[in-house]
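Biologist: I would like to learn how to read the features of a model like this one. Please give the general idea each time, then the case at hand.

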Amino acid sequence: MTEYLYEKDLRGMKYRILTGPFQDNAVSKISEHFGINKQEFRKILIENFDMSFLENIHARYQVWESDQNSYDKISKELYSKLLTEYLPLIEKADMNSVIDDVKYSIENGTSADEAIMKGKAHIREMILV
């Protein structure tokens, strides 16, 4: 029985990638924005992405960040494009549902800040599931 030991468990290597200065910066910004514990967010990333993807998290974050002017306020605050395309942790349909809920709340008298906070809480739940 011949197996490669490194193929069994890459979590340690993935963790080292995520604690690199650039990757850690991107992880910190995203986790702080949604109020997620950074270690917990790292664990989610390690479980969902391969090493090359994790290496590029900072670049993906920077590209998304530089493209901020093309999004409306709600999409920008909910990191919709980042979390569906650049860092696909949430399905587009689910994100669109959250955005629609936020828009509906605002149209029915809830303040924009409060509606966005509720949307962020919903996204946090989706990320942590």
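Modeller: The protein has nine helices and zero strands, where helices (H or I, at least four residues) and strands (E, at least two) are DSSP runs numbered from the N terminus. This is a predicted model, in which local features need pLDDT of at least 70, side-chain atom pairs count only at pLDDT 80 or more, and totals for chains, interfaces and linings use all residues. Residues are numbered from 1 along each chain as its sequence is written, and side-chain values use heavy atoms, with hydrogens and water left out.

Biologist: What pattern does the protein follow along the sequence, and what box do its C-alpha atoms fill?

Modeller: The pattern reads α-α-α-α-α-α-α-α-α. Taken along the principal axes, the box is roughly 65 × 30 × 25 Å.

Biologist: How many of the 129 residues count as buried?

Modeller: Buried means under 20% relative accessible area, exposed over 50%, and partly exposed in between (1.4 Å probe, protein chains only). Here 40% of the 129 residues count as buried.

Biologist: Which residues of helix 1 are buried?

Modeller: In helix 1, residues 11-18, they are Lys 14, Ile 17 and Leu 18. Looking down the helix axis, the buried residues of helix 1 fall within an arc of 95°, so they line one face of the helix. The arc is that of the directions from the helix axis to the C-beta atoms.

Biologist: What do the buried residues of helix 1 pack against?

Modeller: Packing is read from contacts, meaning heavy atoms within 4.5 Å. The partners of these buried residues are helix 2 (21-34), helix 3 (38-48), helix 4 (51-55) and helix 5 (57-66). For the protein, take contacts between residues at least 6 apart in sequence: 62% of them join residues at least 24 apart.

Biologist: Is Asp 24 buried or exposed, and what does its side chain make a polar contact with?

Modeller: Asp 24 lies in helix 2 and is buried, because its relative accessible area is 19%. A polar contact is a pair of N or O atoms within 3.5 Å; within protein, one must be able to donate a hydrogen and the other to accept it, and residues adjacent in sequence count only if both atoms are side-chain atoms. The side chain of Asp 24 makes such a contact with the side chain of Arg 42, at 2.4 Å. Setting aside neighbours within four places in sequence, Asp 24 is in contact with Leu 18, Thr 19, Lys 38 and Arg 42.

Biologist: Is Glu 32 buried or exposed?

Modeller: Glu 32, also a residue of helix 2, is exposed, with a relative accessible area of 63%. Glu 32 and Ala 93 are 61 residues apart in sequence, and their C-alpha atoms are 24 Å apart in space.

Biologist: What should I note about the phi of Tyr 79?

Modeller: Most residues other than glycine have a negative phi. Tyr 79 is not a glycine, yet it has a positive phi of about 55°. Tyr 79 is found in the loop between helix 6 (73-77) and helix 7 (80-86), and is buried, with a relative accessible area of 8%.

Biologist: Where are Tyr 104 and Lys 118?

Modeller: Tyr 104 is in helix 8, residues 92-107, and counts as exposed at 55% relative accessibility. Lys 118 is in helix 9, residues 112-128, and counts as exposed at 51%. From C-alpha to C-alpha, Lys 118 and Ser 105 are 9.6 Å apart in space and 13 residues apart in sequence.
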